[in-house]
Amino acid sequence: MEITFSYSPWYLVPAALLIGLGLFFYYFRKPEYSKSQIWTLASLRFFGLLLLCFFLLKPQTVEREVQALKPRLIFLEDVSRSMRYHQDSLVLDSMLAAWSDQSESQLSKYQLFSYVFAKSLEEDSARESEFTNIYQALDEVQDRFYGEPLAATVLLSDGIYNQGRNPLQFAAQTNAPLYILKYGNREQARDIGIEALRYNKSLSLGRKLSLEIDLAARNAVGSSFKLEIRNSDEQLVHEAKFSVNREDWLESQIVEIAAEEEGLQSYSIALIQATADANPSNDRREIAFEVRKEAYAIWIYSPQSHPDVAALRRAIQSEANWEIHYCRNRNELDLKEARVLLAFDWDESLVQEITEKRIPTLFIAGSQSNLRALHSLDLAKGLNPDAEEQFALTANNLGLFALDAEQKSLFPGWPPIEGLYGNLEVPAWAEVVLYKQIGNVKSNEALAISGSREGQRLGLFAGRGFWSWRMYNVKNEKQSRAFDQFFRRWVHYLQAQEREEPLQIEFENELYERSASRVIAKLYNPGGNLVNESDLSLKLSGANGETYDYRFSRESNIYRLKLDGLKPGLYSYTASTRLGDRDYEKQGRIWVQENSLEQQDLRARREMLDAMASQSGGKAYELKDWPQLLTDLSQLEAPQQLNERKIKRELLTKWELFFVVLILISLEWFLRKYWGRY
């Protein structure tokens with residue numbers, strides 16, 4: 001225990017001197033008592049008054065209390081749809097029923113936490129999901145228990161994942177061991193199916209779609225099957241026959257489909273087999289792509305060569321309906337037909353021309369950029385040319401274009417870039433796309449912004465060096481999907497600037513059955529301002545005659561809608577509203593994909609689960625051996641954390657000290673009376 005003061009205890013020194021001086025004149029200058037009596041009376045009054053001065057300094061006692069926190073033990077259960085397709089589901093149910101009771105009794109030295117996961121981590125039981133992201137679940141556990149004594153994480157899973165990063169990457173860097181219960185079929189039954197499909201989601205009218213189909217067969221040597229592709233009218237457009245001549249058979253087939261009709265086109269891919277296999281759900285897939293009549297010109301202007309230019313070109317060049325033009329000479333820059341300009345350099349005259357022609361533009365600013373020239377567009381205010389290392393964080397409620405959870409989770413782990421120093425002012429018409437993070441400190445300062453200014457869509461990326469993001473994405477994910485889609489969606493947003501159509505409806509790029517998706521709608525009044533005073537409705541019509549009516553909700557100055565529960569297939573939509581005395585309507589078509597990702601491959605990833613446990617310092621068990629897991633966890637030497645707590649108490653609240661002062665003063669008064677002075 002220690003004593004602290006609200007005021008400096010050195011004030012007691014002058015107080016003691018003043019009290020002593022007063023007692024000297026009171027008792028010692030005119031001695032009316034004997035010498036021993038004077039010293040006794042003076043001492044009693046001195047300590048009584050000094051103790052009162054001591055209390056005026058507001059003293060406090062500080063007691064330190066140390067507690068040992070129980071180490072945390074996390075139990076993660078995979079509840080994705082694939083978990084219910086394995087043969088030993090009854091064993092799983094019985095194990096889960098017994099786990100909660102026995103774990104509490106045998107693992108009492110831990111503080112237990114249980115979660116379920118599929119696409120994301122949940123505390124309560126969640127419905128079976130069509131997606132599995134093991135890495136995100138493990139990473140979120142580590143974030144939630146950061147700084148706390150984490151003994152281990154118990155993972156119950158079949159190891160099948162179809163979203164997010166490879167879980168082995170997490171196992172190699174985690175600080176807590178993984179104890180894994182392996183679940184799922186040990187052997188792969190006979191299965192012939194469609195492994196993967198790769199194709200562009202949009203292309204220009206008159207071109208051909210290049211569809212790459214990966215076909216796989218396991219334990220089906222000697223079998224033969226036929227591949228058929230049919231259009232929405234069930235007309236056969238392609239046919240091929242295959243024979244399986246080895247155990248793990250894999251072959252890719254490239255098929256070209258002509259884009260002869262504008263709009264959303266759908267096709268079905270089916271495998272025709274003489275004998276049904278163990279997993280018929282991967283024998284059929286549906287695809288859809290949009291055929292556009294116009295090819296949009298996307299210009300990139302950069303007088304100086306820079307790796308950011310190459311990274312940006314590679315990110316957007318896969319869009320079939322975009323014609324990418326790159327120029328280094330200002331005189332070669334043609335803005336007459338430009339649908340979007342990506343500018344790495346500019347001056348006042350170029351900014352003025354962009355404004356007059358209302359060209360959607362993304363400015364990528366560096367330390368040598370003319371920031372003052374952008375002030376006329378309400379951009380780059382608050383920035384200065386100095387650069388510093390900055391990490392990027394995505395905005396949580398970005399309403400301009402959709403970013404999936406995988407993209408958002410990857411950004412914090414990407415390398416830093418050379419971001420411009422200063423607090424970028426965000427104008428009222430813009431939204432934050434990326435925030436800055438300096439070292440480990442998250443900030444509310446914007447790194448990138450975008451929006452629509454008087455009907456013209458603009459964006460500013462206040463930094464250079466994002467080429468390293470693409471390199472890091474390729475190195476760790478073996479592909480650049482997250483990086484490419486981020487910039488493609490941003491350019492899509494700029495390119496979709498509507499100069500004549502005031503009502504805009506934006507669906508997510510990919511819609512799946514039984515999965516929620518959001519729709520964003522924007523309504524511009526005749527003055528070019530975003531408004532949402534009027535009600536906006538949406539009507540969906542399916543191919544079989546079913547109809548669905550929705551009403552948008554209002555948020556800020558835009559409309560939002562959540563779609564859920566739609567069956568696979570093509571839908572026509574009509575969005576309509578009335579603003580003032582004018583009616584607005586927008587029509588189009590969307591395609592809801594059949595979601596069978598969880599059924600495409602039901603082989604439990606046991607080798608991967610073993611590797612995860614080994615790399616993290618843990619251990620993997622068969623599901624039937626879960627009692628042994630409890631025994632091993634009970635014997636695990638788990639780290640403990642001592643938590644120190646300080647308890648402060650005011651000394652004025654202690655009544656015992658009040659009586660000490662009272663006794664001193666009272667005793668001095670009593671002795672003066674007893675010895676003859678009043």
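Guide: Two strands pair if DSSP finds at least two bridges between them; strands (E, at least two residues) and helices (H or I, at least four) are DSSP runs, numbered from the N terminus. This is a predicted model, in which local features need pLDDT of at least 70 and side-chain atom pairs count only at pLDDT 80 or more, while totals for chains, interfaces and linings use all residues. Residues are numbered from 1 along each chain as its sequence is written, and side-chain values use heavy atoms, with hydrogens and water left out.

Visitor: Which are the edge strands of the open sheet of three strands?

Guide: The order in this sheet is β8-β10-β13, with antiparallel pairing. An edge strand pairs on one side only, and this holds for β8 (191-198) and β13 (248-258).

Visitor: What is the bridge partner of Asp214 in β13?

Guide: Strand β10 covers residues 208-218 and pairs with β13 in the antiparallel sense over 11 bridges. Within β13, Asp214 has as its bridge partner Ser252.

Visitor: What is the bridge partner of Ile74 in β4?

Guide: Strands β3 (residues 72-78) and β4 (residues 111-117) run parallel and are joined by seven bridges. Across this pairing, the partner of Ile74 in β4 is Phe113.

Visitor: Within what arc do the buried residues of α12 fall?

Guide: In helix α12 (residues 606-616), the buried residues (under 20% relative accessible area; exposed is over 50%, partly exposed in between; 1.4 Å probe, protein chains only) are Arg606, Met608, Leu609, Met612, Ala613 and Ser616. They line one face of the helix, because the directions from the axis to their C-beta atoms fall, seen down that axis, within an arc of 165°.

Visitor: Which exposed residues does the face of α12 turned away from its buried side carry?

Guide: Just after α12, Gly617 takes a positive phi of about 90°. On the helix itself, the face turned away from the buried side carries the exposed residues Glu607 and Ser614.

Visitor: Which element gives the most to the largest nonpolar core?

Guide: Such a core is a set of buried Ala, Val, Leu, Ile, Met, Phe, Trp, Tyr and Cys residues joined through side-chain atoms within 4.5 Å. The largest has 39 residues, and Leu434, Phe461, Phe466, Trp469 and Trp490 have the most contacts inside it. Elements that give two or more residues include β16 (296-301), α6 (307-316) and β22 (430-438). With eight residues, the element that gives the most is α10.
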